[in-house]
Amino acid sequence: MQKLLTFLRHSFSDARGLPDGKLLTIAAVAAVVVLTYPVGWLWHVWPPEYIHSPTLLFLAAGLGIDAYVTHAQIKAQADVAQATATGLPVPPDTLNVTTTTVTDSPPCP
């Protein structure tokens with residue numbers, strides 16, 4: 001059971017280790033799809049296939065692509081921050097990533 005919980009915690013986290021809402025949304029939609037079949041078999045009420053399948057496919061594709069882009073952006077920002085902190089050159093594949101540095105400014109007169 002501990003291995004399952006560790007796998008789920010890792011699977012539904014982003015690159016920072018925080019829960020990823022997009023992946024949790026995909027998991028919720030998948031649970032609804034799985035629960036649709038027993039409900040349909042018991043009560044003979046099925047969602048129309050022309051609505052059900054394309055909606056789920058577009059949702060899964062959109063969220064999957066967005067999760068991949070977010071993961072790549074977080075990783076690129078982490079690489080830039082690591083290079084800046086250690087004084088090493090910035091990796092060439094992360095040159096188009098912008099980082100924001102917060103500095104203390106003197107108080108306004």
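A nonpolar surface patch is here a set of nonpolar side chains (Val, Leu, Ile, Met, Phe, Trp, Tyr) joined within 5 Å, each residue having over 30% relative accessible area and no salt bridge, a salt bridge being a side-chain nitrogen of Lys or Arg within 4 Å of a carboxyl oxygen of Asp or Glu. The model is predicted, so local features need pLDDT of at least 70 and side-chain atom pairs count only at pLDDT 80 or more, while totals for chains, interfaces and linings use all residues. Residues are numbered from 1 along each chain as its sequence is written, and side-chain values use heavy atoms, with hydrogens and water left out.

View 1. Met1, Leu4, Leu5, Phe7 and Leu8 make up a nonpolar surface patch that has about 520 Å² of accessible area together, areas being computed by the Shrake-Rupley method with a 1.4 Å probe and with only the protein chains shown counting as cover for residues. Leu4, one of these residues, belongs to helix α1, where helices are DSSP runs (H or I, at least four residues) numbered from the N terminus. Leu4 is classed as partly exposed because its relative accessibility is 44%, given that buried means under 20% relative accessible area, exposed over 50% and partly exposed in between (1.4 Å probe, protein chains only).

**View 2. Ser11 and Leu24.** Ser11 is placed in helix α1, which spans residues 2-11, and its relative accessible area of 25% makes this residue partly exposed. From C-alpha to C-alpha, Ser11 lies 9.5 Å from Leu24, and the two are 13 residues apart in sequence.

**View 3. The surroundings of Thr36.** Thr36 is part of helix α2 (residues 21-43) and counts as buried because its relative accessibility is 12%. When residues up to four places away in sequence are not counted, Thr36 touches Trp46, Pro47 and His52, a contact meaning heavy atoms within 4.5 Å.

View 4. The structure holds 3 aromatic pairs, a pair being rings of Phe, Tyr and Trp (its six-membered ring) whose centres lie within 6.5 Å, with planes under 30 degrees apart counted as stacked, over 60 as edge-to-face and the rest as tilted. Trp41 and Trp46 form an edge-to-face pair, with 6.4 Å from centre to centre and 70° between the planes. Together with Tyr37, Trp41 and Trp46 form one aromatic cluster. Trp41 is exposed, with 58% relative accessible area, whereas Trp46, at 41%, is partly exposed.

How values were computed
Helices (H or I, at least four residues) and strands (E, at least two) are DSSP runs, numbered from the N terminus. Patches are made of residues with over 30% relative accessible area and no salt bridge: like charges are joined within 9 Å, nonpolar side chains (Val, Leu, Ile, Met, Phe, Trp, Tyr) within 5 Å.
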